[in-house]
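Trainee: Could you take me through one part of this model at close range, and then show me how that part sits in its surroundings? I'd enjoy one connected account.

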Amino acid sequence: MTLRDHAIRYGFIVLLFGLVAYFAIAADGFVSPQSAVFIFQSVAITGVLALGVTATLVVGGFDLSIGSVATSAMMAAAYVMVVLEQNAVVAVVVCLLIGAIVGLINGWLIVYMRVPDLLATLGMMFLLVGLQRIPTEGRSIATGMTMPDGSVANGKFGDAFLALGRHRFDFFIPNLIPVSVVVLLVLALLIWFFLEYTRFGRMMYAVGSNERAAELAGAPVKAYKIWAYVISGVFASIGGILLAARLGRGDIASGNNLLLDAVAAALIGYAVLGAAKPNAFGTAVGALFVGILLQGLTMMNAPYYTQDFVKGVVLVVALVFTFALSGRGRG
Amino acid sequence: MNITRRLLGKVALGLAGATMLMQVPAFAADKPAPFDKPGVKIALVRYLSTGDFFQAYLSGVEAQSKALGIDLRVLDSRQDAALQSDMVDQAIALGVQGIIIQHGLTESMKDAAQRAVDAGIKVVAFDVNVENPKIPQIEQSDKDLARLALEQAVKDNGDSWNAGYVYIAGIAPLDRRNETWVDVKKKYAGIKEVAMFGTLDNPIANSVANQARSVLSAHPDIKVMFAPYDEFAKGVKIAVDEAGLNKGIKIYSADISTSDISAMREPDSAWAATAATNPAVVGQVSVRALAQLLAGEDPGHNVIVPPTLITQKELIDKDIKNMEDLSAKLPQFAHADVAMPAWMPNPNAK
């Protein structure tokens with residue numbers, strides 16, 4: 001391998017370690033198990049969303065609705081528990097169903113209605129941002145809230161549900177690893193194995209790289225594409241569940257920042273190990289990269305706009321790695 | 001005195017009206033024109049509308065309008081500055097008698113407001129400075145909000161502590177709250193701001209929680225978090241809980257909502273106090289100030305709605321669980337005696 005190949009392959013990982021080393025020196029308290037766990041926790045929600053959107057990127061699509069799927073799932077969880085007074089299991093099931101149904105509709109719009117992916121999921125994004133507000137007429141959901149008809153909602157977030165956001169597992173140190181981090185790691189492993197080592201996953205890559213060739217080879221291209229959106233929707237709704245469990249209420253939010261951060265993580269992931277294509281491992285590293293940056297910068301009192309700026313720089317550099325250095329853009 | 005048929009007619013009408021009023025006292029007899037009869041048309045032109053605050057504000061506007069028999073039109077530009085300015089023209093074309101401008105940008109609303117004034121329409125503005133001496137400015141006093149919360153912080157913690165401060169420059173109410181924070185730091189040399197952070201990435205509470213966690217690990221010596229916006233405070237509280245520091249840190253904030261109340265009431269909650277103006281009351285005051293203008297009275301150029309301090313202890317002692325309880329049990333929160341001439345109906349009176 002030439003130096004250039006090495007740069008492409010390991011450049012980003014080296015950058016990541018360099019960053020950690022820099023913050024270790026510059027920011028007191030950056031190197032500690034708690035700090036490491038916290039970085040994972042801060043990226044858990046966007047990380048889960050990013051893994052989902054990776055699935056759609058793999059089949060050559062895109063899902064703009066993940067942010068609003070997550071916030072809709074959060075509102076749904078709050079609505080089910082606070083207003084309908086159901087338990088945590090029902091809330092989780094409803095959220096996952098919402099994710100799956102939205103994914104199916106997205107897939108159906110794109111595959112059968114021939115709506116371009118960006119447009120279909122953009123429409124779905126607006127639809128969900130509006131829909132999540134209809135049941136409560138635009139109010140956030142919390143125990144004791146007054147409903148539009150004047151009654152008071154008395155349900156509560158179940159302890160089991162809140163535990164999803166607040167319980168910590170012992171890992172060498174007691175109460176160290178939050179549930180959300182475990183969820184992120186498990187989902188990352190699952191989707192990584194699924195995309196890299198199963199026939200289904202490999203076929204999804206085939207669909208993404210040349211849809212026509214895959215179709216001529218007899219692959220059910222439409223089914224694969226729809227599945228990709230279902231995965232994306234379900235992952236986004238899992239992100240929404242974690243969000244609801246962390247916040248402990250249903251918060252009116254468009255989720256646009258979740259979407260942007262998740263997409264950024266997935267795109268940064270292109271550059272990891274010189275993959276130059278969407279991949280689950282890269283996405284996870286990308287999310288972590290952003291998390292480390294933000295943690296370090298915040299610890300050093302950098303204001304939010306510099307953080308956005310740095311995030312942007314990282315994304316641009318990653319895209320240059322992917323497209324210019326690996327020669328993909330020229331193909 | 002010339003007794004014309006016209007004058008006779010007026011007297012007759014007045015008498016008829018008076019008898020009707022005796023039969024139906026619900027519609028108060030002593031309101032000045034144009035509120036002596038229902039159907040005065042006004043428009044609420046909004047820039048911001050999503051979120052609990054704006055919902056509550058609207059409900060206040062609606063309640064006071066109903067009490068005055070006003071025909072209210074709501075025009076919502078959904079954060080589109082150009083559209084909001086067009087909507088003022090739309091309201092002029094609708095033939096409204098009064099306009100409430102709710103938020104917006106000075107640059108885009110200044111001229112539009114002037115056009116409305118030129119068209120003979122009475123205008124009031126809430127939380128947007130339209131730089132027009134003829135237009136009363138409705139304000140919740142952000143400086144007082146911050147002052148109340150910080151005075152409580154000094155009362156609870158003494159005048160020497162390390163503080164984390166959540167702030168974003170460039171948001172008008174936050175900038176005004178910041179002025180008070182700067183003054184307080186000047187006044188008490190022992191109060192040190194060791195970290196400043198903040199973000200408006202939504203969901204805001206989640207993003208702020210991430211930042212606050214980083215700040216807490218970088219500055220374990222923080223005793224007080226000043227988060228003068230409730231979404232910020234919610235985020236800080238999540239971070240404090242996650243770090244297990246809820247007994248060592250106190251959070252002071254501004255604004256209030258039902259979910260804030262439950263967060264403050266949690267056992268060992270770090271959220272000690274908040275200062276808030278009831279957004280519904282601000283909505284009512286907006287309509288009342290406009291009504292005064294329409295009736296030819298002067299509400300004054302700056303109509304300020306005073307805030308209320310709400311402490312964790314009060315919420316628990318008085319068993320306040322939501323915004324309705326808060327209005328019922330803290331009367332100063334439910335009603336502000338601002339823009340309340342004798343003839344003005346009080347929408348909160350039961």
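This is a predicted model: local features need pLDDT of at least 70, side-chain atom pairs count only at pLDDT 80 or more; totals for chains, interfaces and linings use all residues.

**Helix pair, sheet and interface**

Mentor: Gladly! In chain A, α8(A) and α10(A) are roughly perpendicular to each other, because their axes cross at roughly 105°. Helix α8 covers residues 199-209 of chain A and helix α10 covers residues 221-247, and their axes come within 10 Å. On the α8(A) side the contact is made by A:Met203, A:Met204 and A:Val207. They meet A:Val221, A:Tyr224, A:Lys225 and A:Ala228 in α10(A). By class, this contact has 6 nonpolar residues, no polar ones and 1 charged residue.

Now let's cross over to chain B, where another helix deserves a close look. Helix α8 of chain B takes in residues 230-242, 13 residues in total. From its first C-alpha to its last it reaches 18 Å, close to the 18 Å expected at 1.5 Å a residue. Of its 13 residues, 12 are buried, so α8(B) is largely enclosed by the rest of the structure. After the helix comes B:Gly244, with a positive phi near 70°.

What does this helix lie against? The sheet in question is open and has 6 strands of chain B, in the order β7-β6-β8-β9-β10-β12, with mixed pairing. Its edge strands are β7 and β12, each of which pairs on one side only. From one strand to the next, the twist averages 20°. α8(B) packs on this sheet, touching β6, β8, β9 and β10 of chain B, and the direction of α8(B) makes about 165° with that of β9(B).

β9(B) runs parallel to strand β8 (residues 224-227) of chain B, and 4 bridges join the two. Within that pairing, B:Met225 has B:Ile251 as its bridge partner. Further along the sheet, strand β10 (residues 271-276) of chain B pairs with β12(B) in the antiparallel sense, again over 4 bridges. There, B:Ala275 is partnered with B:Leu309.

Stepping back, chain B has 13 helices and 12 strands. Its C-alpha atoms fill a box of roughly 85 × 45 × 35 Å along the principal axes. Of its 350 residues, 49% count as buried. Among contacts in chain B between residues at least 6 apart in sequence, 74% join residues at least 24 apart.

Finally, the two chains meet in a contact that takes 31 residues from chain B and 33 residues from chain A. On the chain B side, the elements giving two or more residues are α2, β7, α7, α9 and α12. The largest share, 10 residues, comes from α7(B). By class, the chain B side has 10 nonpolar, 16 polar and 5 charged residues. Strand β7 of chain B therefore links two parts of this account: it is an edge strand of the sheet, and it is among the elements that touch chain A.

Definitions and conventions
Residues are numbered from 1 along each chain as its sequence is written. Chains are lettered from A and ligands numbered from 1 in the order in which they are written. Axes are lines fitted to C-alpha atoms, for helices over the stretch in contact, and angles run from 0 to 180 degrees between N-to-C directions. Angles under 35 degrees count as roughly parallel, over 145 as roughly antiparallel, 65 to 115 as roughly perpendicular and the rest as oblique. Two residues are in contact if their C-beta atoms, placed from the backbone, lie within 7 Å. Ala, Val, Leu, Ile, Met, Phe, Trp, Tyr, Cys and Pro count as nonpolar, Asp, Glu, Lys and Arg as charged, and the others, Gly among them, as polar. The expected span of a helix is 1.5 Å times one less than its number of residues. A residue is buried if 20 or more other C-beta atoms lie within 10 Å of its own, exposed if 12 or fewer, and partly exposed in between; C-beta atoms are placed from the backbone. Two strands pair if DSSP finds at least two bridges between them.
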